[in-house]
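Work through the exercises below with the model open beside you. Try each task before you read its solution.

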Amino acid sequence: MPSPTILLLVFLVFFLSVSAPLSCLSSRSTSSHPLCYIARSSINLRASPIDAKPSFEYDTLQNTQLLLGDRVEIYGKYDDWLDVRAMDQLRFSNGTWHGYDGFIRKEECWEMQKQDASGKEIVSHRKEQYDKPLFAIVQVKRAEIFEKPCFNPGCLAPSMEVSLGTIFRYVNVDPHTMPILGWIQVGTEDAAHKWYIKASDVNLVDKLMDQGEYPFVIASRQEEDTLRSHILEESFKLIGSVYFWGGRSSYSWKDFVAPVPGTPQCLSGVDCSGLVGLSYQALGLILPRDAHDMYLRAERFPLADGKPGDLFFFEKPASSRVIHVMMMVDSSYIVESTSAVNASRIVSIEDRFGAKYDNLSYGMKVDDYRLYWGRFIKSG
């Protein structure tokens, strides 16, 4: 008969193996992992495999939100959950930059199809067939996607309503019909899931600019000014959205309609960095996910040279971490999503910081915080 010590060790190994998903993520090795694409308009990336409550109240398990077509790596499977890493939302932890880790439900993800019927690698084939543009990004607050083009009001029920900032990595643009018909075909990167969307609802770009290019260098001052103006326009579309910790999807009244039976409800809204991130992403500029990580990668600038779209940060001195990010509208106003009013809003700099723009100083105290600023865009 095994000794009590051996039995205890066997029990501990079994207990840790079944409880690990609730307390930690699978080991992140450098080997390749299967990929999948988010299959819904927006879903919650959870710190543990526990569904979110249908409430906008603060939730410590809410990491972030993922949008339709976002790519994730699968590190483990536990019952109805997947242990994943979101490839397109970067954060800094343990001394390295990597995607956001967390848990999603299995039904919220489509596994990537790597080859077509002929055995050819799908993504490279797509790039050969559709040279430019390679990406279509939703630039309206909410857009509808359809199985077929819809030319008459009410002719078809949409397949889904998608958020501002949703990136389609498959784009089939027919230059002869698009200007006339006003529709383009979009889909997941492997083209296994495709829809039609109004051309006016998306911004077409031939590349995404991300962490390898901070700060984003724009060819001319005029192009920089135009880009900054468009970023502000995108942020204004989120004004009035509910503040939602870990939120990164544009608000819809449909959040208060009963969800599909048997599926968890996914509320939409933005937190402070969610508002900033989506506003930039709609133009093809991918920022780090969280306010502190934005601060780490932003470039400091002389305040006299401040421009629309530049960022202000609040640091909590006790933790030496930035806990809030805001976007400059001009020398008089900022736009932000804040829990102080549970909404996204435009507020005057003097009201928010207790001083006029010209009297601000880097690191000055504002209530219980320190004020800093930085930017991600400059002209070459």
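Predicted model: local features only at pLDDT ≥ 70, side-chain atom pairs only at ≥ 80, totals over all residues.

Residues are numbered from 1 along each chain as its sequence is written, and side-chain values use heavy atoms, with hydrogens and water left out.

**Exercise 1. Find the disulfide and give its handedness.**

Step 1. Search for cysteine sulfur atoms within 2.5 Å of each other, the cut-off for a disulfide.
Step 2. Name the pair. Cys36 and Cys109 are joined, with their sulfur atoms 1.6 Å apart.
Step 3. Cys36 lies in strand S1 (residues 35-38) and Cys109 in strand S7 (residues 109-111), 73 residues apart, so the pair links distant parts of the chain. Strands here are DSSP runs of E, at least two residues, numbered from the N terminus.
Step 4. Read the torsion. About the S-S bond it is about 105°, so the disulfide of Cys36 and Cys109 is right-handed.
Step 5. Check burial (under 20% relative accessible area with a 1.4 Å probe, protein chains only). Cys36 is buried because its relative accessibility is 1%. Cys109 is buried too, at 11%.

**Exercise 2. Is Ser250 buried or exposed, and what does Ser250 touch?**

Step 1. Locate the residue. Ser250 sits in the loop between strand S17 (248-249) and strand S18 (269-270).
Step 2. Read its accessibility. Ser250 counts as buried because the relative value is 0%.
Step 3. List contacts (heavy atoms within 4.5 Å). Leaving aside neighbours within four places in sequence, Ser250 contacts Lys141, Arg142, Ser163, Leu164, Leu238, Ser268 and Leu278.

**Exercise 3. Sort the residues that line the largest cavity.**

Step 1. List the lining. Asp70, Asp88, Gln89, Ile167, Arg169, Arg248, Gln281 and Ile286 line the largest cavity.Each lining residue has an atom within 4 Å of a cavity point; a cavity is a set of points on a 1 Å grid over the protein atoms alone where a 1.4 Å probe fits but cannot get out.
Step 2. Sort by class. Asp, Glu, Lys and Arg count as charged; Ala, Val, Leu, Ile, Met, Phe, Trp, Tyr, Cys and Pro as nonpolar; the others, Gly among them, as polar. The lining divides into 2 nonpolar, 2 polar and 4 charged residues.

Technical notes. Helix = DSSP H or I, 4+ residues; strand = E, 2+ residues; numbered from the N terminus. Buried < 20%, exposed > 50% of the residue type's maximum accessible area, 1.4 Å probe, protein only. 1 Å grid on protein atoms, 1.4 Å probe; cavity = no way out; pocket = protein on both sides within 12 Å on 5 of 7 lines; lining within 4 Å.
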